[in-house]
Amino acid sequence: MAFAQAQLNNPTIPVLERQQALDRIHGNPGVPKEATTSSFWLKEPRPQFAPKSLHSLPLEADVLIIGSGITAASIAYTLLQNCTKGATDPLRPAVLMLEAREVCSGATGRNGGHIIETADEYADLADQLGEEAARKIIRFRLAHLREMLGVAEELGLTEATQAREVQFLNAFFGDEEWKSAKERLQRFMDGMPEESKEWIAYEGDSIPEEFKLSRASGVIAGPAGALWPYKFVTGILARLLDDYPLDFRIVDHTAVRDITYYSSRSFFPKGRRPERNFTIYMHGQTFCAQHVIHCTNAHVGCLVPGLRGRIFPVRGQMCAQTPGDNFPLQAEKHSWLFNYDRGFDYLTQLPSRQMMFGGGLSKGEHQGVADLGVSTDHEISPGIEAHLSGALSTIFDPEAWGPVQGDPIQAMWTGSMGFSADGFPWVGRLPRSVTGRATDDAKPNAGSEWVCAGFCGEGMVQAWLSGKALATMLLKMDGRSDVDLSWFPEQLQVTEERIDSAVLPEIVYDLSAEHQANL
């Protein structure tokens, strides 16, 4: 998020380009388009959910989840484990999931597969919010490693998803960047000594030769994880369909176009139960639900107009490429972050040797500003493609990398992430002030809308437990759970105060013009 804010205020970037980015940020992101780039994660034979869903809508459900990525899977997993009734009517499941395109074809099916929290933000969080709040937020993010690997093991998905624990190597190229990183690491170690026990800093000659990073000014290492995100989500959803055949349904290639709230029985569609107050419209069909959960991340502003400018899309880019012939297989040992004077990249390696490499946002048009506010994923940035295609052979020691036989690039794709104006995800019940629908905020049981979105490109260490927290909030409101939620950071929750304050400006403030005027 800091990068997006910095570029929107960067006087070296033309005002027109920055203003156009803000216009996109405050505009309607629309529903996901069918046209898209081809993600490597989705290239293998994929599970077919159509026979389960029959591409037909039930009449109504207790909960409608819009989206089918990692957030949606977490919410469905938590709800179904706690609220199923042993339904006997497939037309009225407890949980219905709708996906505009193929299941898990959005950001989760396009990310880096990296479960990594470097705690690099601890110092900034402590300065902004205080030490206790910073510790709580970092603990929340760190907890995702054990939680997600644990879910994969519990459901028998560890091997299929290639879920594994690794050591991240956070490499810094530049003396000033390294000096600042060491200071931030020391703040983290002083503030959270127990959690930071496995973090190690290397510099100069102390950087182990096996890292193949002799050009780095310094490297910080710590615990992380990696997995195949698409297989993780679809594996969970397939299991839920098997375990809850009447309580859970998925309908793909069905985009929600509009939502209407009926506040009284007299206006409720004929034949539908009055507690199902939301009517959802798509492709000429209608459907009713009591609760609607928006897990559409970059696209959330389409159906929740009050979140435009608060959550906004940013297009990212990734590739799968073959490493040099000399590069040792490190899939079970390491994952990587590479930090430069401007921007960063991220990398994991699969057991089959492919390098899953992403980033390069600052190498895009107008230093990445052209990708801010972009919700489509059918185009490739030539500048970012050039960077990703050649960076690894210079980041790692040339002799340790070696030649590559044939074309090293196996796939290049983009995906749209959901960023938030204040840098935190949005999790909780939505008031009518942002939905624009005449719900009764004082009577949530009459029907509520919820959101779980805005992970700022760090969904793998924020989305799963955010989804778990939201599902728990809903269950608690319905009196079906008394689970303690004190572990969930309050900064991530939806409040009217946050709605008022956490929004980007609509007009660029031109610092360069003011400077010229004062000369």
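**Rings and helices in a predicted model**

Trainee: Are Tyr202 and Phe211 buried or exposed?

Mentor: This is a predicted model. A residue counts as buried when its relative accessible area is under 20%. Tyr202 falls in that class, and so does Phe211, so the word for both is buried.

Trainee: How many aromatic pairs does the structure hold, and of which kind is the pair of Tyr202 and Phe211?

Mentor: The count of aromatic pairs is 24. For Tyr202 and Phe211, the ring centres are 5.5 Å apart and the planes stand at 85°. Planes over 60 degrees apart count as edge-to-face. The pair of Tyr202 and Phe211 is therefore edge-to-face.

Trainee: Of which kind is the pair of Phe327 and Trp336?

Mentor: Here the ring centres of Phe327 and Trp336 lie 6.2 Å apart, with the planes at 55°. Planes under 30 degrees apart would be stacked and over 60 edge-to-face, and the rest are tilted. Because 55° belongs to the rest, the pair of Phe327 and Trp336 is tilted.

Trainee: Which residues form one aromatic cluster with Phe327 and Trp336?

Mentor: Phe327 and Trp336 are both buried. They belong to one aromatic cluster.

Trainee: How are helix H4 and helix H15 set to each other?

Mentor: H4 covers residues 70-83 and H15 covers residues 463-477. They pack with their axes 8 Å apart, at an angle of about 40°. That angle makes H4 and H15 oblique.

Trainee: Is the crossing of H4 and H15 left-handed or right-handed, and which residues are in contact there?

Mentor: The crossing of H4 and H15 is right-handed. Residues of H4 in the contact include Ile70, Ile75 and Tyr77. On the H15 side, they include Trp464, Leu470 and Leu474.

Trainee: How are helix H5 and helix H6 set to each other?

Mentor: The axes of H5 (residues 122-129) and H6 (residues 131-154) come within 7 Å. They cross at roughly 140°. An angle over 145 degrees would count as roughly antiparallel. H5 and H6 are therefore oblique.

Trainee: Which residues of H5 meet H6?

Mentor: The crossing of H5 and H6 is right-handed. On the H6 side, the contact includes Ile137, Ile138 and Arg141. The H5 residues are Tyr122, Leu125, Ala126 and Leu129.

Key. Residues numbered from 1 in each chain as written. Predicted model: local features only at pLDDT ≥ 70, side-chain atom pairs only at ≥ 80, totals over all residues. Heavy atoms only, no water. Phe/Tyr/Trp six-rings, centres within 6.5 Å; stacked < 30°, edge-to-face > 60°. Buried < 20%, exposed > 50% of the residue type's maximum accessible area, 1.4 Å probe, protein only. Axes fitted to C-alpha atoms, helices over the stretch in contact; angles between N-to-C directions. Helix = DSSP H or I, 4+ residues; strand = E, 2+ residues; numbered from the N terminus. Parallel < 35°, antiparallel > 145°, perpendicular 65-115°, else oblique. Left-handed = near helix turned anticlockwise from the far one by under 90°. Contact = heavy atoms within 4.5 Å.
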